[in-house]
Amino acid sequence: MDDKKIKLRSNIISAAGLILTLLFFVWCYREGLLTDRDKMTEFFSGFPVIGPVVFIIIQIVQVIFPVIPGALGCAVGVTVFGPVKGFIYNYTGICIGSVAVFLIAKKYGRELMCKMFSSKLIGKYDDWTKKDNRFTKLFATAIFAPVAPDDFLCYLAGTTTMKLRTFVIIILLGKPLAIAIYSMGLDFIIQSVVSLLP
């Protein structure tokens, strides 16, 4: 399969993931799960163990295969499990997924990365890897910022000489702020939109 077909399939899967996520939100709203805390609690109380585990797995997978936008997944976690548990589940899944991505990139290199991401995106950040050992500092700064393409940067980091220990430290320390901003910010927006609906 050539690169164009792989990218096309990836785009189709991403679009399908986004549509399914939006449909899930619509269903949740119609069932009252987004507007009634009691209904939401009752629904997920039937899955006290498997629910969080499944959600964490989904977060891991969406980092490795960016099907569902990561920020949207963070908002779902907070909406479904509450701010504290939602943050913990988001943090756990995203950190595990990020480390997995790094190790995958270490094993398969730039060839895989070039098949998954556009040449435009790669070209935008590729210079970071050529700036006299400054990649680690630039990567750490980007991970702390809530607007960087984290999933891609984790793949890119795996193609550099960065050590796993250094990567893990940056992810564990840098992810909480971005996840908190995504989680709380999008949850606020979703609740605001829901409050305006009839």
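View 1. S98 is found in helix α5, where helices (H or I, at least four residues) and strands (E, at least two) are DSSP runs numbered from the N terminus. This is a predicted model, in which local features need pLDDT of at least 70 and side-chain atom pairs count only at pLDDT 80 or more, while totals for chains, interfaces and linings use all residues. Residues are numbered from 1 along each chain as its sequence is written, and side-chain values use heavy atoms, with hydrogens and water left out. With a relative accessibility of 0%, S98 counts as buried; the term means under 20% relative accessible area, with exposed being over 50% and partly exposed in between (1.4 Å probe, protein chains only). Not counting residues up to four places away in sequence, S98 touches V63, C154, F167, I171 and K175, a contact being heavy atoms within 4.5 Å.

**View 2. The chain as a whole.** The chain has 9 helices and 0 strands, and of its 198 residues 38% count as buried. Among the contacts in the chain with a separation of 6 or more, 75% are accounted for by residues 24 or more positions apart.

View 3. Helix α8 spans residues 150–158 and includes D151. This helix is mostly covered, with 9 of its 9 residues buried. Which residues does D151 contact, leaving aside its neighbours within four places in sequence? They are Q62, V63, P66 and V101. Although D151 is buried, it has no salt bridge, and the nearest side chain of opposite charge, K175, is 5.2 Å away.

**View 4. Aromatic pairs.** A search of the whole structure finds 10 aromatic pairs, defined as rings of Phe, Tyr and Trp (its six-membered ring) with centres within 6.5 Å, where planes under 30 degrees apart count as stacked, over 60 as edge-to-face and the rest as tilted. The rings of F117 and Y155 have centres 5.5 Å apart and planes at 65°, so this pair is edge-to-face. Because F117 lies in the loop between α5 (83–116) and α6 (119–126) and Y155 in helix α8, the pair ties together parts that are 38 residues apart in sequence. Both F117 and Y155 are buried. Y125 counts as buried at 11% relative accessibility, as does F152 at 1%. Ring pairs link F117, Y125, W128, F152 and Y155 into a cluster.

**View 5. The largest nonpolar core.** In soluble globular proteins, nonpolar side chains tend to be buried together. A nonpolar core is here a set of buried Ala, Val, Leu, Ile, Met, Phe, Trp, Tyr and Cys residues joined through side-chain atoms within 4.5 Å. The largest one holds 38 residues, of which F139, F152, L153, M162 and F167 touch the most other members. At least two residues of this core come from each of α3 (50–64), α4 (70–81), α5, α6, α7 (135–144), α8 and α9 (164–196), and the largest share, 7 residues, comes from α5. Leaving aside neighbours within four places in sequence, F139 is in contact with residues including W128, L153, M162 and F167.

Conventions
Lys and Arg count as positive and Asp and Glu as negative; His and the chain ends are not counted. A salt bridge is a side-chain nitrogen of Lys or Arg within 4 Å of a carboxyl oxygen of Asp or Glu.
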